Amino acid sequence: MGIFNVENIEIFSLILFFISFFGLITSKNVIKSIIFVMLIQTSVIMFWLKLGIEGNPTPIPPIIYDPVLLENIEYIADPLPQALTLTAIIIGFAVIAIVITMFNTLDRQYGTADWKKLEEAEGN
Amino acid sequence: MTYGLLILWLLSGLAIVFENRTYRLIIYFSIFSLITSVAYFLLGSPDVAMAEAAIAAFSTIFFVICIEKYYSHRENVTQDRIRREPLLRRVGGVLPALLLCIGLFVLVVIHIPEAEAMYYLKYEYLQRFMHEIGGENAVTAIYLGYRVYDTLFEALILVIAVVAVSHMSYFEAIKVAEGTHSEIETSRVAALSLRIICPIILVFGIYLILNGHISAGGGFQGGLALATFFICRYMVYDIYDISVEKVLHWEEMIFLGIIIVTVIAVFLGVGNIIPAAILPFYQGAYLIVMNFLIGLKVACGFFFLFYRYITIERR
């Protein structure tokens with residue numbers, strides 16, 4: 001047990017999830033909303049990676065350069081969540097790129113990043 | 001020490017909630033992403049940590065371009081700051097949301113199941129992947145072997161994102177002539193230091209791609225490093241001399257190559273794609289080929305996005 005203890009990291013990721021959820025439903029700015037979507041994704045990924053090392057405070061990365069490592073298989077981190085979150089991160093960024101482009105178009109048309117003003121402009 | 005890092009992590013998240021000046025969000029977001037990357041590493045996943053670090057750099061660039069453009073056609077930066085309403089009314093506005101979030105958090109924390117997590121797949125994958133797929137990195141073996149279907153769709157989503165960015169843009173008509181310079185004044189010191197760093201980034205990206213199956217790294221991370229190399233190259237020479245249409249074309253071609261290699265590998269049995277008689281000393285040939293193709297594709301996609309933003313979206 002070193003100084004880097006990751007045992008209770010899932011509580012932090014849950015707190016961050018609800019902080020960013022709160023920010024998402026109360027934010028008045030489109031750019032902030034985009035950033036909160038990224039934050040929610042990060043917290044979910046953190047929670048999932050923590051599930052892969054449950055009960056294992058000092059995880060070994062799943063790089064098996066020597067089959068002897070497989071004798072202590074319970075200390076190795078679960079590779080499946082890692083492989084899937086790697087995909088999720090890239091897809092998340094692709095979505096964010098599209099969303100920023102949509103925001104640019106919106107900003108050009110209505111000249112504002114305020115949700116309320118955008119709603120008013122849409123209503124007219 | 002981890003708790004200190006994580007509390008700083010939460011504080012940077014809270015700072016984003018309570019910050020109204022948009023250009024300051026970028027700083028908090030960078031701090032947040034840095035700590036996220038460190039935490040991923042502590043969770044025993046260097047691959048994800050590397051991808052997160054690279055993605056954070058790219059998102060920061062994109063947000064900078066987006067926010068810079070947002071303020072460029074406003075004379076007064078503070079114009080969009082939230083109107084000062086009475087304190088009671090402001091609190092009343094967010095109180096339902098706050099109560100909802102706290103309630104949901106308490107519910108979730110109470111209902112975290114006590115049961116043991118299931119590790120069946122972990123044991124199966126870790127014990128088998130060296131014989132069935134090859135290589136030494138279990139993460140690469142999973143996303144190129146057992147779950148290659150996911151990777152195909154991830155590559156497809158990236159192509160769709162690239163096409164969507166160019167079609168949803170407001171500036172359909174603008175064409176940037178090849179060989180022109182940007183109108184921004186560049187710093188000579190930055191250009192000189194980038195010129196020194198540039199080749200190192202290129203070599204590092206190729207290293208990450210080619211060693212993805214035996215160490216941390218792989219197609220995604222190496223591809224992001226390659227895209228960073230092209231961005232540095234743009235910043236050094238400050239010239240639009242690469243045709244964006246060609247990059248998009250190349251990306252689609254490489255995606256076709258990924259599909260073909262995957263289909264061949266599935267029919268021949270993954271891992272045995274090159275017979276042992278030809279390359280007896282090497283069993284990870286399929287992983288190297290796929291990592292290389294994915295790296296090139298990711299580099300093309302991200303370079304296209306960056307180029308699109310720096311030339312057209314910024315106007």
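1. A quick definition before anything else: two residues are in contact if their C-beta atoms, placed from the backbone, lie within 7 Å. This is a predicted model, and on that criterion 69 residues of chain A are in contact with 74 residues of chain B.

2. Where does the side of chain A that touches chain B come from? Helix 1 (9-26), helix 2 (30-51) and helix 3 (79-110) of chain A are the elements that give two or more residues to that side. Helix 3 of chain A supplies the largest share, with 24 residues.

3. On the fold itself, chain A has four helices and zero strands. Going along the sequence, the pattern reads α-α-α-α.

4. Chain A has a radius of gyration of 20 Å, whereas a compact globule of 124 residues would be near 14 Å. Taken along the principal axes, the box filled by the C-alpha atoms of chain A is roughly 70 × 25 × 20 Å.

5. How much of chain A counts as buried? The figure is 44% of its 124 residues.

6. Last, the contacts inside the chain. If you take those in chain A between residues at least 6 apart in sequence, 60% join residues at least 24 apart.

How values were computed. Residues are numbered from 1 along each chain as its sequence is written. Chains are lettered from A and ligands numbered from 1 in the order in which they are written. This is a predicted model: local features need pLDDT of at least 70, side-chain atom pairs count only at pLDDT 80 or more; totals for chains, interfaces and linings use all residues. The radius of gyration is taken over C-alpha atoms; the globule rule is 2.2 Å times the number of residues to the power 0.38. A residue is buried if 20 or more other C-beta atoms lie within 10 Å of its own, exposed if 12 or fewer, and partly exposed in between; C-beta atoms are placed from the backbone.
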